[in-house]
Amino acid sequence: MSHKVVVPIGPYHPLQEEPEYFRLYVEGEKVVDIDIVIGYMHRGIEELSEHKHFDQIPFLVERICGICSTSHPFAYVNAVEDLIKITIPERALYIRTIIAEMERIHSHLLWLGLAGHFIGYNTVWMWSWRYREPVLDMFEMITGNRNHYAMMKVGGVRRDIKDEDVPILKKTLDDLVPAVDMFKGAVMDDPVIKARLKGIGILTKQQAIDWAVVGPTARASGINIDVRKDDPYGAYDKVSWNVIVEEDGDIFAKTKVRILEMYESIRIIRECLDKMPKGPIDFDVKDIPPGEGIGRVEAPRGECFHYVKSDGTNRPIRHKIRAPSYMNVASNKIAAVGGTISDATITLAAVDPCYCCTERLTVLDKHSNKNIMNGWDLIRLSQEKTEKLRNSIK
Amino acid sequence: MFIADEIKERLDEKIIDWYQHSSRRIYFSVEPKYIQAVAGLLFRDLGLRFSIATGQDTPQGLELLYHFSFDKTGEIISVRVLIKDKKKPEIDSLAPLFPAAEWIEREMWEMLGINFIGHPNLKRLLLADEWPEGKHPLRHEDES
């Protein structure tokens, strides 16, 4: 006789950037239902933002996410610039685009590494983080920081990219291409990775539409959306690149989208560096008039949405922020149900919710409330499954 | 053709007011009673994507902005409704139409105290369990 067991993942804290709590209901190995509880890290930034003046807010919203830290300030300045209807100097548009694409590369490499770790491919983990490191060095060279670059301001950017830095950045990109080739080969051609990721955690196109998911999660389900193409900002309409779309909706498709997107990011940065005109990098904004504005940015995880309303004072009266994971995490209700516990780690991680701290996963027996497994046991379970597959294929 | 033009045609007398802020940002005001019909038309019939909703406490009442994105042209259609009754604010839930609205309605329910009629799972999303009942952080009168 099967009995339902609750597998709590979280709240401090599962595969997410913020503490979140997934309550998996399992029968045997199968996940039959999932309950998602969030709010453990709610910091009230929307309210806080109403008490800061317009120039302080980029620093505040930069701290929403530590991984895609430029996406929020970028979306915010887009919203304010939409509100006051100004166009900013062209060089600033290019610099913003370069920073945002560098961020996409480092974020996707981070995800790839962790995904590799969860399914027992620690070499992928080590290698992808090793190649992420030079990207962070480039951030340090250009902005002075490895993260929280503080580049965005209303009307432009705060720092220029120096001419002598351009060849170094280009060299780093050149070195990165063979690394991405390697990952592409390692993931696409490996029968074990295929067996672990293909057909797992599927989100169909219709489900993706209903749950309004964004970013690679949507593009892997055959939905051709990308704010960079659809509602161009920065310099995205001035360079040529492609939107990567896959049809299958499983974790393999999500992985493929992210790997192929790194090539496009490299292409965008290279072209931006070549096309970037000389000139001023910011426009002095004196007053913010009353009105409302909406800014969007395609963050590494999808559309990041900011709405700003001003009454003519130096502070906004409403600032709504919607991070991409807000839509994507909710869709786990579909993707994880019907799968097995050993696939749960990678399925919940597949939307790239800026995870860490998986040691918070535990398996509890519903009746005795006794701990059966903790997070490391679950990762081990996932890794053992890969090992078994690997041996059976040999 | 911009989707905003088609929306204007299809909604017709349901629109109280509209304005185009910039080339791809269009705002429509409708009566709260029409919200399900309007959202259904935008999401199901015209294929817009639900981006998010913004709730706000204004002197005139509680204002909700439902942001829909039309990705073929990059337009954002924001549907504005004003709930004048601040004592017992309520509006039809959109969650039965599309699950993407579930979380944001729970958030607006706890932050502004708006009751979403027909929501399948109206419970706290972000606020802590210890947070006092009936206190809504984004309501301005609560500050005094």
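**View 1. Strands 7 and 8 of chain A run antiparallel, side by side.** Strand 7 of chain A covers residues 302-310 and is joined to strand 8 of chain A by 6 bridges. Two strands count as paired here if DSSP finds at least two bridges between them. Helices (H or I, at least four residues) and strands (E, at least two) are DSSP runs, numbered from the N terminus. Look for Y307(A), which has K320(A) of strand 8 opposite it. Before you go on, please note that this is a predicted model: local features need pLDDT of at least 70, side-chain atom pairs count only at pLDDT 80 or more, and totals for chains, interfaces and linings use all residues. Residues are numbered from 1 along each chain as its sequence is written, while chains are lettered from A and ligands numbered from 1 in the order in which they are written.

**View 2. The open sheet of chain A has 3 strands in the order 6-7-8.** The pairing in this sheet is antiparallel. Which strands form the edges? They are strand 6 (291-299) and strand 8 (316-322) of chain A, each of which pairs on one side only. From one strand to the next, the twist averages 10 degrees. Helix 3 of chain A (residues 71-84) lies across strands 6, 7 and 8 of chain A, and runs at about 145 degrees to strand 6. Angles like this one run from 0 to 180 degrees between N-to-C directions, with axes being lines fitted to C-alpha atoms, for helices over the stretch in contact.

**View 3. Helix 4 and helix 11 of chain A cross at roughly 155 degrees.** Helix 4 spans residues 90-118, helix 11 spans residues 251-275, and their axes come within 9 Å. The two helices of chain A are therefore roughly antiparallel to each other; angles under 35 degrees count as roughly parallel, over 145 as roughly antiparallel, 65 to 115 as roughly perpendicular and the rest as oblique. Their crossing is left-handed, a term used if the near helix is turned anticlockwise from the far one by less than a right angle, with right-handed for clockwise. Residues making this contact include Y94(A), W111(A) and L112(A) of helix 4, together with M262(A) and C272(A) of helix 11. Two residues are in contact if their C-beta atoms, placed from the backbone, lie within 7 Å.

**View 4. Helix 6 of chain A also packs against helix 11 of chain A.** Here the axes come within 10 Å and cross at roughly 160 degrees, with helix 6 covering residues 165-188. Helix 6 and helix 11 of chain A are therefore roughly antiparallel to each other, and this crossing is left-handed. Among the residues in the contact are L169(A), L173(A) and F183(A) of helix 6, and I259(A), Y263(A) and I266(A) of helix 11.

**View 5. Strand 4 of chain B pairs with strand 3 and with strand 5 of chain B.** Strands 3 and 4 of chain B pair in the antiparallel sense over 9 bridges, and a hairpin joins them through 2 residues. In this pair, I52(B) stands opposite H67(B) of strand 4. Strand 4 (residues 61-70) is also antiparallel to strand 5 of chain B, over 9 bridges, and L65(B) has R80(B) of strand 5 as its bridge partner. Strands 4 and 5 of chain B form a hairpin with 4 residues between them, and G74(B) in the turn has a positive phi of about 75 degrees. Is strand 4 of chain B enclosed or exposed? Of its 10 residues, 8 are buried, so strand 4 of chain B is largely enclosed by the rest of the structure. A residue is buried if 20 or more other C-beta atoms lie within 10 Å of its own, exposed if 12 or fewer, and partly exposed in between, with C-beta atoms placed from the backbone.

**View 6. Strand 2 and strand 5 of chain B run parallel.** Strand 2 (residues 25-30) is joined to strand 5 (residues 75-83) of chain B by 5 bridges. F28(B) has V79(B) in strand 5 as its bridge partner.

**View 7. Chain B meets chain A.** The contact takes 24 residues from chain B and 23 residues from chain A. On the side of chain B that touches chain A, strand 1 (15-22), strand 3 (49-58) and helix 3 (102-112) of chain B each give two or more residues. Strand 3 of chain B gives the most, with 6 residues.
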